[in-house]
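Colleague: I would like to learn how to read the features of a model like this one. Can we take them one at a time?

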Amino acid sequence: MPRVFLITGTSTGFGRDYAQEVLDRGDIVAATARDPSQLSFANTTPETYLALQLDVTDKASIKQAFSETLKKFGRVDVVVNNAGYGLSGCFEECTDEQIRQQMEINFFGLLDVTREALETMRDKQKPQGGLIQQITSIGGQRGVPFFSIYCASKWAVEGFTEALSHEVKPEWGIKFTLVEPGGFRTDWAGRSMTFATRHPAYDHLNAEKHMTARHGTQAGDPKKGAKAMYELAIMPNPPLRVVVGTDAYKAVMNKLEQYEQNYTKYAALSNSTDVDGYVAPQ
């Protein structure tokens, strides 16, 4: 049986390439965007493709998109939380409005889509179950300059999803994967990025200059990235988290090494705080 994918943010980047990969593999896609009239894919038929309006900051549009997908295809097997953008600039350069907007889209919007996905997969289809893929970032595993708020949004998604994965009943059959891409040649670092206004105290750092120089030189091929995400989606037992990209893999392995060195160095201090005579439960 073909799988039914609902993917957010399919007008550009990973979302667009992922939706096309789904169609090329013979599965079904509900492709969503704030303006679905701009969507265009190859190999579509009325039986395999549905373009839907969905703005992750609008709960009504989220509910409507899921409802229309169920009405046409009968179920949702894979929900891909891909919609998002990058806010670039030093922390003190970012306005309160920019910070809240970043969190509204990358985190709170994702929560609302996830809530609807959970209810759909548990209560509105037989058999129960499905996969929720959260497209986060290597920035959800390490902090990098110019992206304190973006990284905060992705770290929030990582912690939320890991905790949520322990809350669902196994019999519901709902699984989660955090996909952590590195640098890919999408529009993310180009026209999709928002830059904060420069702050004179940070004259040693220039986010826009740095990202403009990097744009188009990243290692990752978006179509190959989308293929990897699809391969994860069709695994019988997908991992809770996985990096995508050679740079992301190198970065996360380096972070793991740093973690081990740091926590081992302070092991005595960490283990010095128990109540006298405390015995840990077996």
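Modeller: We will go through helix packing, nonpolar cores, cysteines and backbone geometry. Keep in mind that this is a predicted model.

Colleague: How are two packed helices described?

Modeller: Packed helices are described by the angle between their axes and the distance between those axes. Here, helix α2 (residues 59-73) packs with helix α3 (residues 96-123) at an angle of about 35°, and the axes are 10 Å apart. The crossing of α2 past α3 is right-handed.

Colleague: Which residues of α2 and α3 meet?

Modeller: From α2 come Lys 59, Ile 62, Lys 63, Phe 66 and Leu 70; from α3 come Gly 109, Asp 112, Val 113, Glu 116, Ala 117 and Thr 120. The residues of this contact comprise 5 nonpolar, 2 polar and 4 charged.

Colleague: Which residues touch the most other members of the largest nonpolar core?

Modeller: The general idea is that nonpolar side chains tend to be buried together in soluble globular proteins. In this model the largest nonpolar core has 31 residues, and Phe 66, Val 79, Leu 118, Ile 132 and Phe 176 touch the most other members. Elements giving two or more residues to this core include β1 (4-7), β3 (49-53) and α4 (148-165). The largest share, 6 residues, is from α3. Beyond its neighbours within four places in sequence, Ile 132 has contacts that include Val 79, Leu 118 and Phe 176.

Colleague: How many disulfides does the structure hold?

Modeller: A disulfide is a covalent bond between the sulfur atoms of two cysteines. This structure holds 0 disulfides.

Colleague: What should I look for in the backbone?

Modeller: Most peptide bonds are trans, and most residues other than glycine have a negative phi. In this model a cis peptide bond joins Lys 126 and Pro 127, with omega about -5°. Pro 127 sits in the loop between α3 and β6 (130-135).

Colleague: Is Asn 43, with its positive phi, buried or exposed?

Modeller: Asn 43 has a phi near 60° and lies in the loop between β2 and β3. Its relative accessibility is 54%, so Asn 43 counts as exposed. Phe 146, in the loop between β6 and α4, has a positive phi of about 80°. At 9% relative accessibility, Phe 146 counts as buried.

Definitions and conventions. Residues are numbered from 1 along each chain as its sequence is written. This is a predicted model: local features need pLDDT of at least 70, side-chain atom pairs count only at pLDDT 80 or more; totals for chains, interfaces and linings use all residues. Side-chain values use heavy atoms; hydrogens and water are left out. Axes are lines fitted to C-alpha atoms, for helices over the stretch in contact, and angles run from 0 to 180 degrees between N-to-C directions. Helices (H or I, at least four residues) and strands (E, at least two) are DSSP runs, numbered from the N terminus. A crossing is left-handed if the near helix is turned anticlockwise from the far one by less than a right angle, and right-handed if clockwise. Contact means heavy atoms within 4.5 Å. Ala, Val, Leu, Ile, Met, Phe, Trp, Tyr, Cys and Pro count as nonpolar, Asp, Glu, Lys and Arg as charged, and the others, Gly among them, as polar. A nonpolar core is a set of buried Ala, Val, Leu, Ile, Met, Phe, Trp, Tyr and Cys residues joined through side-chain atoms within 4.5 Å. Buried means under 20% relative accessible area, exposed over 50%, partly exposed in between (1.4 Å probe, protein chains only). A disulfide is a pair of cysteine sulfur atoms within 2.5 Å.
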